[in-house]
Amino acid sequence: MDNNTLETIRAVYLTAEDLRVAASILYNAYHDDPYFMEVLGQDDKQQYEQKLRAAIREELNELWQQEQPLIGLFDGDRLIGVVCVITQQVPLGEGRYWHWRLKMMLGTGWKSTQGLMDKETCIVEHLPSQKCGVLQFIALSPNEQKKGYGAKLIQAVLSWCDEQPGLDGIGVFVSNPLHHQAFIQQGFTNIASVSIGNVDGEILFYSKV
């Protein structure tokens with residue numbers, strides 16, 4: 001990667017106009033994710049894809065409405081990566097708002113909605129305090145992978161975290177060994193090995209201390 005390329009890369013908050021492209025990037029990145037395949041059901045491919053689109057759309061909208069950090073990685077004016085965090089200022093897991101539950105249930109079904117809440121509950125139960133964020137999504141466009149941009153996305157969200165006086169750190173559930181290594185290289189540590197449904201993974205945590 002040359003210096004000119006580096007100079008065009010910037011991480012900024014997403015605007016409402018960016019959400020459609022962000023949803024597309026997330027959909028492509030999480031299409032084959034073991035957790036989503038488990039919780040949304042993969043027997044019917046078309047139905048699975050509809051549920052995944054709905055889950056991503058509703059969660060992005062909720063994060064936006066709750067003024068949670070949605071950070072985009074841009075190459076010039078082109079959005080190439082997205083990272084989304086939700087803080088415990090917003091009730092998570094079984095504490096999710098009823099309007100979120102209803103919209104998610106209409107899009108994915110009750111069983112899938114319950115599975116999404118179970119994942120959050122598991123993560124939150126292992127975090128060291130109630131002043132922690134949860135990394136909900138992180139993704140790059142398919143053509144932009146293996147260029148070092150993943151590290152830049154993680155660094156962007158950690159820089160944001162370091163500037164938040166009310167946060168102790170950020171947790172994330174990881175089931176992919178390659179993703180695990182990327183987070184470890186940026187300062188995350190393993191705080192728990194867990195199974196969410198039939199998917200084994202680890203909860204990693206970045207501490208500001």
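**Figure 1. Asp 75, Arg 78, Glu 144 and Lys 147 form a network of salt bridges.** The view is taken from a predicted model, and the structure holds seven salt bridges. In one of them, the side chains of Glu 144 and Arg 78 meet at 2.9 Å, N to O. Glu 144 lies in the loop between E4 and H7 and Arg 78 in strand E3 (residues 78-87), so this pair ties together parts that are 66 residues apart in sequence. Glu 144 also forms a salt bridge with Lys 147, where the closest N and O atoms are 3.1 Å apart. Glu 144 counts as buried because its relative accessibility is 6%, under the 20% limit. Arg 78, at 42%, counts as partly exposed, and Lys 147 is partly exposed with a relative accessible area of 40%.

**Figure 2. Arg 96 and Glu 120 are joined by a salt bridge.** Their closest N and O atoms are 2.5 Å apart. Arg 96 sits in the loop between E3 and helix H5 (98-108), while Glu 120 belongs to helix H6, so the pair ties together parts that are 24 residues apart in sequence. Arg 96 is buried, with a relative accessible area of 3%. Glu 120 is buried as well, with a value of 7%.

**Figure 3. Leu 14 is a member of the largest nonpolar core.** This core has 43 residues, and those with the most contacts inside it are Leu 14, Leu 26, Phe 36 and Val 82. Apart from neighbours within four places in sequence, Leu 14 is in contact with several residues, including Leu 19, Trp 64, Leu 70, Phe 74 and Val 82. A second, separate core has 24 residues, among them Ile 9, Ile 71, Val 157 and Leu 158. In soluble globular proteins, nonpolar side chains tend to be buried together.

**Figure 4. The largest pocket has a volume of about 980 Å³.** Its lining consists of 37 residues, and Ile 138, Ala 139, Asn 176, Leu 178 and His 179 are the closest to the pocket centre. Among the elements that each supply at least two lining residues are helix H2 (19-30), strand E4 (132-140) and helix H8 (177-185). By class, the lining divides into 21 nonpolar, 11 polar and five charged residues.

**Figure 5. The second largest pocket has a volume of about 250 Å³.** Of its 13 lining residues, Glu 38, Val 39, Lys 111, Gly 115 and Gly 197 lie nearest the centre. H3 and H6 are the elements that give two or more residues to this lining. The lining has four nonpolar, five polar and four charged residues.

How values were computed
Residues numbered from 1 in each chain as written. Predicted model: local features only at pLDDT ≥ 70, side-chain atom pairs only at ≥ 80, totals over all residues. Heavy atoms only, no water. Core = buried A, V, L, I, M, F, W, Y, C linked by side-chain atoms within 4.5 Å. Buried < 20%, exposed > 50% of the residue type's maximum accessible area, 1.4 Å probe, protein only. Contact = heavy atoms within 4.5 Å. 1 Å grid on protein atoms, 1.4 Å probe; cavity = no way out; pocket = protein on both sides within 12 Å on 5 of 7 lines; lining within 4 Å. Points joined across faces, edges and corners; volume = space filled by probe spheres on them. Helix = DSSP H or I, 4+ residues; strand = E, 2+ residues; numbered from the N terminus. Nonpolar A, V, L, I, M, F, W, Y, C, P; charged D, E, K, R; others polar. Salt bridge = Lys/Arg side-chain N within 4 Å of Asp/Glu carboxyl O.
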